[in-house]
Amino acid sequence: MQSFLETLTNIGCQYELADEEGDDRIFFAYQGEHFFVEARNNLRFIQIYDTHWGHVELYDVEEFARLKKAINGANLNNTVTTVYTIDEEAKTVDVHSKSIILFIPQIPDIGDYLRLELNEFFGAHRFVGNEMAKLREQEGTEKIPQASC
């Protein structure tokens, strides 16, 4: 964990440790996005989370269907895993991403390695957003009746 904290500092990220005893989460911001990591000194892998970065209204059935398709595509085309959860109380479908990576001090240019992985989250954001826009556009053109002559 110490190596990870040092790496965050070296790439210009401020961090906060979880308040509760036994909670291994580290919270930090990178390029304006809020992440948290689960890291332990005795493990070689870390789990990076970017939660609640997008949402659609729960009862907007068409948008929810687009989101599911876009997330499936993102998971096929990006290294981070993207999922959705349903928040019944807020009546939203929230989008989250996660990555598990090897993180050991022997990795050369470990700061660049971490930046590269964090940038993958933004790639997932762009993919989902672009895919949803494409789906909306396709559905919009399909709904226009063709004139026959």
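Start by selecting Gly-129, which sits in helix H3 (residues 110-143). Helices here are DSSP runs of H or I with at least four residues, strands are runs of E with at least two, and both are numbered from the N terminus. The model is predicted: local features need pLDDT of at least 70, side-chain atom pairs count only at pLDDT 80 or more, and totals for chains, interfaces and linings use all residues. Residue numbers run from 1 along each chain as its sequence is written, and side-chain values use heavy atoms, with hydrogens and water left out.

Gly-129 is partly exposed because its relative accessibility is 38%.

**Glu-63**

Go to helix H2 (residues 61-77) and pick Glu-63. At 12% relative accessibility, Glu-63 is buried. Show its side chain. Polar contacts (N or O atom pairs within 3.5 Å, one able to donate a hydrogen and the other to accept it within protein; residues adjacent in sequence count only if both atoms are side-chain atoms) link Glu-63 to the side chain of Arg-66 at 2.4 Å and to that of Arg-136 at 2.5 Å. Beyond neighbours within four places in sequence, Glu-63 contacts Val-56, Met-132 and Arg-136; contact means heavy atoms within 4.5 Å.

**Thr-92**

Next is strand S6 (residues 92-102), with Thr-92. Thr-92 counts as buried because its relative accessibility is 9%. Its side chain makes a polar contact of 3.2 Å with the side chain of Asp-94. Leaving out neighbours within four places in sequence, its contacts include His-55, Glu-57 and Thr-85.

**The cores**

Which residues have the most contacts inside the largest nonpolar core? Select Phe-4, Phe-28, Ile-48 and Leu-114; the core has 24 residues. A nonpolar core is a set of buried Ala, Val, Leu, Ile, Met, Phe, Trp, Tyr and Cys residues joined through side-chain atoms within 4.5 Å. Helix H1 (2-10), strand S2 (25-30), strand S3 (33-38), S4 and H3 each supply at least two residues of this core. H3 gives the most, with 6 residues. Then colour a second, separate core of 12 residues, including Trp-53, Phe-64, Ala-70 and Val-95.

Zoom in on Phe-28. Among the residues it touches, not counting those up to four places away in sequence, are Phe-4, Leu-8, Tyr-15 and Leu-118.

**Last stop**

Finish at Phe-45 in strand S4 (residues 45-57). Phe-45 is partly exposed, with 47% relative accessible area.

Definitions and conventions:
Buried means under 20% relative accessible area, exposed over 50%, partly exposed in between (1.4 Å probe, protein chains only).
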